[in-house]
Structures are given as structure tokens and as C-alpha cells.
Amino acid sequence: MTFPAGAVTGRSRVVAALPVDGGWGVVVAETPFHPLDTAWPDQPGDTGVLRWDELELPVADCVTGAVPLAGGALLTGEDVPVRRGDPDWAWLVVHVLERRVPEDEVVELDVEPVRRRALSAGHTGCHLMALALNGALADRWRKDAPRTDALGRPDFDQLAITGSRIVPNGSVDTYRIGKSLRKRGFVAEGLADELDEITTAVNGRLAEWIAADAGVRLDVPSEELTARRLWRCDLPEGKASLPCGGTHLRRTGQLGTARVRLELSDAGDELVVETRVESA
Ligand SMILES: [Zn+2]
């Protein structure tokens with residue numbers, strides 16, 4: 001697993017090739033391909049090619065698979081009946097191909113680099129947005145929030161998020177502003193009237209952080225696919241961190257711009273934040 005460090009190429013041995021939805025699921029000993037996560041499907045799986053012999057085989061998708069250690073079939077995506085990381089199962093990166101590649105063959109793996117880079121940019125922008133949004137909403141908490149982010153602000157992002165979708169050069173994050181969030185101290189009154197102000201504050205903070213050209217890295221505690229990896233970014237305000245299974249740029253300055261658009265539902269109970277980034 002070399003994608004957390006940013007790799008897009010590799011050479012490895014095929015350890016399994018099994019039928020899956022849409023073709024064959026090929027598993028190799030070590031891969032640069034990022035798979036869609038089953039538990040938190042935010043960043044899409046990489047696409048690219050697998051070279052074997054004289055053949056150049058398209059990798060149409062890359063997903064997370066699991067096999068019971070006691071024996072059984074390879075399952076992928078929502079078919080996996082246990083929690084992500086269940087120790088009685090082996091967790092695997094599954095490359096979805098149209099045809100089978102024999103076990104023990106050595107193959108070359110090439111992630112489509114332009115799409116990967118755009119997804120990494122979108123993912124880095126997404127995490128920066130989350131921290132900037134926490135900052136812009138910090139004075140909307142009536143009492144001490146039940147948790148704060150790494151910069152010490154009430155963690156609206158982690159307390160309210162219901163879904164995050166990384167797209168090339170952007171992300172769409174959905175937050176629920178319901179009864180339980182209000183009970184925990186978030187003041188939702190008047191939010192609709194302040195959306196422009198909040199948008200300006202978030203965009204301003206993002207521009208500062210991009211100008212600071214802060215270093216970005218992923219801490220990888222172990223080689224397992226389901227290990228709890230940590231995104232780290234040394235911002236002017238402090239060292240930020242967030243749990244993350246995706247891929248990222250190396251510096252915030254690799255983003256040229258990042259801007260958000262906020263949309264609050266008519267009932268005021270759902271906030272959608274669309275982030276768009278441009279590469280420097
Ligand atoms: Zn992430």
C-alpha cells in the first residue's frame with residue numbers, strides 16, 4: 001500500500017484473482033492504487049492500467065474487499081457484512097479488471113495520474129475547508145462543544161457531518177443541523193442570514209492557508225489497509241490533524257485557490273458545502 005505516500009506507480013506480484021461485480025478482482029502484494037472505502041466512501045477509487053506480459057489492462061475501478069480469515073469468498077463494498085477493520089477478516093485493495101490475471105505473475109501498476117492529482121487536490125481542499133468552517137462557526141456555540149478540532153475550535157465538522165464526497169478538484173460535504181447538534185450547544189438561529197459572512201470568512205481563511213504554503217502529510221501507523229491514518233498539516237495557527245484514508249497534495253501552496261459555496265435547506269436542518277479548488 002503506497003498510495004498514502006503519494007505513489008502512482010508500482011510493480012508487484014498478483015496474490016489473488018477472483019470474480020467480482022463487473023469482472024475480476026485482482027489483488028497484489030503492494031499497490032499504489034487507492035480503493036474506495038466501505039465505511040466512509042469519500043474519495044473514489046483510482047483508475048489506471050495494469051501491465052502484464054505484453055498486455056495493458058484497464059483498471060476500471062478500485063474498491064475495498066474483505067475475505068474471512070477462516071476461509072470464504074472475497075466480498076467487496078456494501079456486501080462486506082462486518083465492520084471495517086474487523087480482525088477476523090483480511091482487508092484488501094481490489095483492482096477491478098475485465099479479465100483474470102494469473103496468481104504469482106508480476107505486474108506493473110499505473111494509476112491515472114491526472115485524475116489522482118485532481119482528487120488529491122480536492123481532498124486537501126476538503127480538510128482545509130472543514131477547519132476553516134469550524135473557525136467561522138466557532139462563536140455559534142453556546143457552551144463548550146463536546147469536542148474541539150486540532151486547532152482548539154468547536155468541531156462543527158466532525159459533530160455534524162453526514163457525508164463527504166471528494167470529486168476532481170473539489171468536494172461536497174453535507175452537515176446535519178438537527179436537534180442533537182442544538183442540544184450539544186450549537187446555535188442555529190439566524191444562520192441563513194449569515195451565510196454570506198460565513199462564506200467570506202471561510203474563503204479568507206483558505207486563501208491565508210494557501211499563501212502560507214503549509215506542509216501536508218499522512219501519518220501511517222501500520223501497513224494494514226484499515227490502519228487509522230492521520231492527515232497532518234502545519235498551519236500558521238497550529239498543527240492540524242484529521243483521520244483520513246485518502247490521498248493528498250504535499251503542500252497547501254499547490255492549491256492556487258479554494259472557494260466554498262454554502263447552501264442551507266429551507267428547513268435550516270441541512271448545510272451543504274461545495275468546495276472548488278484550482279491547482280497552482
Ligand atoms: Zn480525508
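Predicted model: local features only at pLDDT ≥ 70, side-chain atom pairs only at ≥ 80, totals over all residues.
Visitor: In which helix do histidine 123 and histidine 127 lie?

Guide: Both histidine 123 and histidine 127 are buried. They are four residues apart, about one turn of the helix. The element that holds both is helix H1 (residues 113-136).

Visitor: How many aromatic pairs are there, and what is the geometry of the one between phenylalanine 156 and tyrosine 175?

Guide: The count comes to three aromatic pairs. Among them, phenylalanine 156 and tyrosine 175 form a pair classed as tilted, since an angle between 30 and 60 degrees is neither stacked nor edge-to-face. The ring centres are 5.1 Å apart, and the angle between the planes is 45 degrees.

Visitor: How many residues apart in sequence are the parts that phenylalanine 156 and tyrosine 175 tie together?

Guide: Phenylalanine 156 is buried, at 0% relative accessibility, and tyrosine 175 is likewise buried, with a relative accessible area of 0%. Phenylalanine 156 belongs to helix H2 (residues 156-160) and tyrosine 175 to strand S10 (residues 170-176), so their pair ties together parts whose separation in sequence is 19 residues.

Visitor: Where does phenylalanine 186, which pairs with phenylalanine 156, lie?

Guide: Phenylalanine 156 and phenylalanine 186 form a tilted aromatic pair, 5.1 Å centre to centre with 45 degrees between the planes. Because phenylalanine 156 lies in helix H2 and phenylalanine 186 in a loop, the pair ties together parts 30 residues apart in sequence. Phenylalanine 186 counts as buried, at 2% relative accessibility. Its location is the loop between helix H3 (179-183) and helix H4 (195-211).

Visitor: Which residues form the aromatic cluster?

Guide: Phenylalanine 156 pairs with tyrosine 175 and also with phenylalanine 186. The one cluster comprises Trp141, Phe156, Tyr175 and Phe186.

Visitor: Which strands hold glutamate 108 and arginine 11?

Guide: The side chains of these two residues meet in a salt bridge of 3.1 Å, N to O. The pair ties together parts 97 residues apart in sequence, because glutamate 108 lies in strand S8 (residues 106-111) and arginine 11 in strand S1 (residues 9-20). Glutamate 108 is partly exposed at 35%, whereas arginine 11 is exposed at 59%. The strands are therefore S8 for glutamate 108 and S1 for arginine 11.

Visitor: Is aspartate 104, the salt-bridge partner of arginine 13, buried or exposed?

Guide: Arginine 13 and aspartate 104 meet through their side chains in a salt bridge of 2.8 Å, N to O. Arginine 13 lies in strand S1 and aspartate 104 in the loop between strand S7 (89-97) and S8, so the pair ties together parts 91 residues apart in sequence. Arginine 13 is partly exposed, with a relative accessible area of 38%. Aspartate 104 has 53% relative accessibility, and because the cut-off for exposed is over 50%, aspartate 104 counts as exposed.

Visitor: Which residues are linked in a network of salt bridges?

Guide: The structure holds 19 salt bridges. The residues linked in a network are Arg217, Asp219, Arg232, Asp234 and Lys239.

Methods
Residues numbered from 1 in each chain as written. Heavy atoms only, no water. Phe/Tyr/Trp six-rings, centres within 6.5 Å; stacked < 30°, edge-to-face > 60°. Helix = DSSP H or I, 4+ residues; strand = E, 2+ residues; numbered from the N terminus. Buried < 20%, exposed > 50% of the residue type's maximum accessible area, 1.4 Å probe, protein only. Salt bridge = Lys/Arg side-chain N within 4 Å of Asp/Glu carboxyl O.
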